[in-house]
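Please look over the structure shown here.

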Amino acid sequence: MSTIVASFDQLASLHRDAIEERLVRYSTFGPGCPERLQAAIQHSLLAPGKRLRPLLVLSAAQVCGCDPREAMPAAGAVELIHTYSLIHDDLPAMDDDDMRRGRPSCHAAFDEGTAILAGDALLTRAFEVLAAELRPADVAAQCCVELARAAGATAMVGGQSDDLAAEGKIGSLEELEAIHHRKTGAMLIVSLRLGALIARADNDQVSRLSAYGRDLGLAFQIVDDLLDTCGETAAIGKKTGQDQERGKLTFPALLGEAESRRRASALIDAAIAQLSPWGPSAAPLITLAQFVLQRKR
Ligand code: GRG
């Protein structure tokens, strides 16, 4: 892959066909999978998401000197987990959203039971893909462990649990950051780490990519809160103004819009600074960081 990537759209289009082909393959279950469940899985997974997490996997692998094609199973696996989390997050028991990625959310298009099971099927498939398709076996095992931790009770699931518990309460900036580091940041960090592990990156490279991911994750969430406050439903693909309606603690509510923007921008600068040893070959990761700050969707 060329490192000359001036925009997110350019980077995304370099990898789009390969990512989408994997997602179709990984979400086609064959005999034994009920038709309605199969349709619900693909309704959500193949909807037009940004594929940010797969792009982080592939760009991390590439900057660490590996052919991004080798990291494709991990790129697919993180998107499977991410989509499961969106399906479950949209359920009436959680955020109760009837629109996602510009389509009716999974439970709205099908039913709650089918949506829960579609999420379960995506979650389990992710680990099947890593274990079956990554080589050598020790790298596959390490990737399974890292992804399980990032998606599990001390990271994404734990962050989601704390986020639900915090609804309607006044919290501090530290509490808000701790929730989002786990709920949103952990999946971005692990995407980068899987790419690096597959590339057999050294410890310094892995820790630089993790630090980049940590700052990127927090900036991503600040921008997500800003989009919910002042973004457009048509561009984002889901209803805006939901956070305030639900009494959620958000960065704009706590810091104001201008300070939230300033913080997001400082975090992106810090994330990009972590990439300096790689020079121009880090261009895709710089592009992704800039996109996170400027995105309207
Ligand atoms: C239900 C276990 C469980 C976890 C839910 C990730 C998550 C935790 C909830 C999603 C709700 C949400 C809107 C979180 C804010 C940040 C976020 C993950 C936004 C969606 O990610 P994008 O913008 O979505 O990358 P696309 O559709 O482009 O993939």
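How far is a polar side-chain atom of Lys50 from an oxygen atom of the ligand? In this predicted model, the distance is 2.6 Å. Local features need pLDDT of at least 70, side-chain atom pairs count only at pLDDT 80 or more, and totals for chains, interfaces and linings use all residues. Residues are numbered from 1 along each chain as its sequence is written, and side-chain values use heavy atoms, without hydrogens and water.

**The ligand site**

| Side chain | Distance to a ligand oxygen atom |
|---|---|
| Lys50 | 2.6 Å |
| Arg53 | 2.8 Å |
| Arg101 | 2.8 Å |

On its own, the ligand has 690 Å² of accessible area (Shrake-Rupley method, 1.4 Å probe). The protein covers 93% of that area.

The shell around the ligand holds 19 residues, each with a heavy atom within 4 Å of the ligand. Lys50, Arg53, His82, Asp89 and Arg101 come nearest. Five shell residues are nonpolar, seven polar and seven charged. Here Ala, Val, Leu, Ile, Met, Phe, Trp, Tyr, Cys and Pro count as nonpolar, Asp, Glu, Lys and Arg as charged, and the others, Gly among them, as polar.

Helices are DSSP runs (H or I) of at least four residues, and strands (E) of at least two, numbered from the N terminus. α4 (72-89), α8 (156-165), α9 (173-198) and α10 (203-230) each supply at least two shell residues. α4 gives the most, with six.

**A helix pair**

α4 also packs against α3 (residues 52-63). Their axes, lines fitted to C-alpha atoms over the stretch in contact, are 8 Å apart. The angle is about 155°, on a scale from 0 to 180 degrees between N-to-C directions. The two helices are therefore roughly antiparallel (over 145 degrees).

**Two loops**

The Arg135 to Pro136 peptide bond is cis, with omega near 0°. Pro136 sits in the loop between α6 (112-133) and α7 (137-151). Asp96 lies in the loop between α4 and β1 (99-100). Phi of Asp96 is near 55°, a positive value in a residue other than glycine.

Definitions and conventions. Polar contact = N/O pair within 3.5 Å; in protein donor to acceptor, adjacent residues only side chain to side chain. Parallel < 35°, antiparallel > 145°, perpendicular 65-115°, else oblique.
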